[in-house]
Number of protein chains: 2
Amino acid sequence: MLEVIRELSKKTESKIVMVVLDGVGGLPLEPNGETELASATTPNLDALARESQLGLIELVGAGITPGSGPGHLSLFGYDPLKYTVGRGALSAVGIGVKLNAGDVAVRGNFATLGAGRVVEDRRAGRPSDEENVRVVAKLRAAIPELNGTPVEIYTESEHRFVVVFRATGTPLGANVSDVDPQATGVVPLTAQAQDAASERTAQLVNAFVEKAEQALEGEPQINGVLFRGYSDVPHFPSFEEVYRLNAACIASYPMYKGLAQLVGMQVLEVPGHEDALEEKMQVLEANWDRYDFFFVHIKKTDSTGEDGNFEEKVHKIELFDALLPRIRALNPDVLALVGDHSTPSKLTTHSWHPVPFLIHSNWGRKDLAARFTEEEAQKGSLMLRKGTEVMPLLMANALKLQKYGA
Amino acid sequence: MLEVIRELSKKTESKIVMVVLDGVGGLPLEPNGETELASATTPNLDALARESQLGLIELVGAGITPGSGPGHLSLFGYDPLKYTVGRGALSAVGIGVKLNAGDVAVRGNFATLGAGRVVEDRRAGRPSDEENVRVVAKLRAAIPELNGTPVEIYTESEHRFVVVFRATGTPLGANVSDVDPQATGVVPLTAQAQDAASERTAQLVNAFVEKAEQALEGEPQINGVLFRGYSDVPHFPSFEEVYRLNAACIASYPMYKGLAQLVGMQVLEVPGHEDALEEKMQVLEANWDRYDFFFVHIKKTDSTGEDGNFEEKVHKIELFDALLPRIRALNPDVLALVGDHSTPSKLTTHSWHPVPFLIHSNWGRKDLAARFTEEEAQKGSLMLRKGTEVMPLLMANALKLQKYGA
């Protein structure tokens, strides 16, 4: 389908805004009760819904709970069962590290090891980001390269860091077994290559573990490293290639910026802390004339659901509602509200439940959905869809798709 | 998708009950009238529906009328266009005959042949099961083997029997043309191999036909055999492999037991005659602690539809309604009601119409469907689905599926 869209898409003046309300779908706390969206007071969303087309989406498939990566890829139109991104690559790209063909990125955890290298804490007591930065600096000094392979080490957050092994000549394979034993009271595993192309990567990983433990000897908390999730560089046909869109990403959190970069969006700098809603609006307004597609990511609808805080999730939805008039004031040709998965407060985690979505354009039919809620979306004219159907629908509503066939 | 589910599924304590109401979907006798489900008085089903999520399923595809095999495979999560089971294998497994790799199972009909071997009755006047058993005994004595290939002959019911050719060394192919001419007034066809691997099977079939006619010479009614439906042994990834489920089948009729066995369910013995509703409940209760998935098959909702007996189908639905409190008393984490296809009394046969389905769990959204009927299911939050989506949804509602991707 991506190939079909690529052949049909055309450059026009129209502008699309896709707002991803992360994890926005929910559940009632009691049977037949109201979800977070239905409980929220959302005059602006309600007004928009009455003028829009609504439906529900499943990002990966029926019953499947999407991670953030597959959820967003689906929204961007890439089948998440076909286009997969390893956690290492996602982390690397998310912190702004460009990967080249042949490189391998690895997700690491700082750990606390006891006597005999036994894992005592797989997350080293969740250190502060500052502590992480300090330890990463120490490792950078100790391991600038391994046997001629350049090594780069980056802070992600808390106990998480990323290592990039840069290929020099022969590409590095990423098919390597975990060092992380995923248990305490046992020693870290030795990385093993699962294919010939990954032999050298496994050696690099094991050498890194050894040198890191030497460099961190005597540290009270962080004195070991565990690896899990090795990835080579995924290749995606870009937004420009597929949709002829000059696309911008307005997001605060690394993973979403990383995903946007993987599909070729320009990642715009958003100042401020955490969700930085006001700053995101300013960036959107300031860059309005420069792009024809904006991916705006709102994070806190998910985090509050993961915290199991129903009331706070309701509040974050209301905060977004207050922001909506500023987006509408820009008068995008197509405005879409979507989610990358549900995160019901009741479940305190991502879930499989379909997510409401909304398309506002000049080209909608009468629609019976009166609010942007799960229940109302079911009455909407867009019905139940796969996540990958969102982008073709946005392109169509922006009149950016030519006819298929004569 | 099966492969994805296999990677995501995890073992938990939660229990799933899937009740298949065979052929439960129906049609009104008059335009805009009520279906069998809507006509039935079902207080227990109504109460369950008000607390559950409803939707509609298509087992194979839009407009496609499913046979019982594909219908059930779809419900079990196996794409019926990819996973096919020959009728011969289905019959063999259904009567408890284990097939080994290389064997071929063949469905046979007893027939009445007239002068010059002309087929007079393709079903030999639908003999009793007892008559079938008598004739099968005669054939067993006459044809214990053919040229060194062991031959097994089994009664199925009425005019139906099954022959198993056991491979000794080289596997037998199943690509053989029919002996059954599917018409009267003509002679039986000679079986022809459609590929090299099936040459020997075709010889065995033709030799069997000849020897059987000799053995049955002088019989007034059953004096010939017709073959149609040759199958080798299908291999399915098992319920245990795919879903990590320890699954039990509670069914009375051979075909459903056979299908359950093919996907690795434990087939529990159900005493009693025909649908044996009371006995099925006893078996369910007695085995409650031993399994985490129960497939309970209710047959008569289909048979009465095939008889064109609208009132009787309504009655069978009401009989199931009376049974429902006993299932609910077990308090399964997930209770699902589904059908393998529709069997409208008005059509007296299977049909393509979507079948209502229902999921009861702790993790449902508000649902507007007030009864377990075709019309109400259309208002349900599960919407229109493929049959293969049922199992992922049940697994998700049982919290047995991990997140896909990070």
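Contact here means heavy atoms within 4.5 Å. This is a predicted model, in which local features need pLDDT of at least 70 and side-chain atom pairs count only at pLDDT 80 or more, while totals for chains, interfaces and linings use all residues. Residues are numbered from 1 along each chain as its sequence is written, and side-chain values use heavy atoms, with hydrogens and water left out. Helices (H or I, at least four residues) and strands (E, at least two) are DSSP runs, numbered from the N terminus.

- Pro43(A), Asn44(A), Leu45(A), Ala47(A) and Leu48(A) of helix 3 of chain A meet Ile317(A), Phe320(A), Asp321(A), Ala322(A), Leu324(A), Pro325(A) and Arg328(A) of helix 12 of chain A.
- The residues of this contact comprise nine nonpolar, one polar and two charged.
- Helix 3 (residues 43–50) of chain A packs on helix 12 (residues 310–329) of chain A at an angle of about 55°, and the axes are 7 Å apart.
- The two helices are therefore oblique to each other.

**Strand 1: burial**

- In strand 1 (residues 16–21) of chain A, six of six residues are buried (under 20% relative accessible area, 1.4 Å probe, protein chains only).
- One side of strand 1 of chain A carries Ile16(A), Met18(A) and Val20(A), the other Val17(A), Val19(A) and Leu21(A), and both faces are covered.

**Strand 1: pairing**

- Strand 1 of chain A pairs (at least two DSSP bridges) in the parallel sense with strand 11 (residues 293–298) of chain A over six bridges.
- Strand 1 of chain A also pairs in the parallel sense with strand 12 (residues 334–338) of chain A, over five bridges.
- Val19(A) has Val296(A) as its bridge partner in strand 11 of chain A and Leu337(A) in strand 12 of chain A.

Technical notes: Chains are lettered from A and ligands numbered from 1 in the order in which they are written. Buried means under 20% relative accessible area, exposed over 50%, partly exposed in between (1.4 Å probe, protein chains only). Axes are lines fitted to C-alpha atoms, for helices over the stretch in contact, and angles run from 0 to 180 degrees between N-to-C directions. Angles under 35 degrees count as roughly parallel, over 145 as roughly antiparallel, 65 to 115 as roughly perpendicular and the rest as oblique. Ala, Val, Leu, Ile, Met, Phe, Trp, Tyr, Cys and Pro count as nonpolar, Asp, Glu, Lys and Arg as charged, and the others, Gly among them, as polar.
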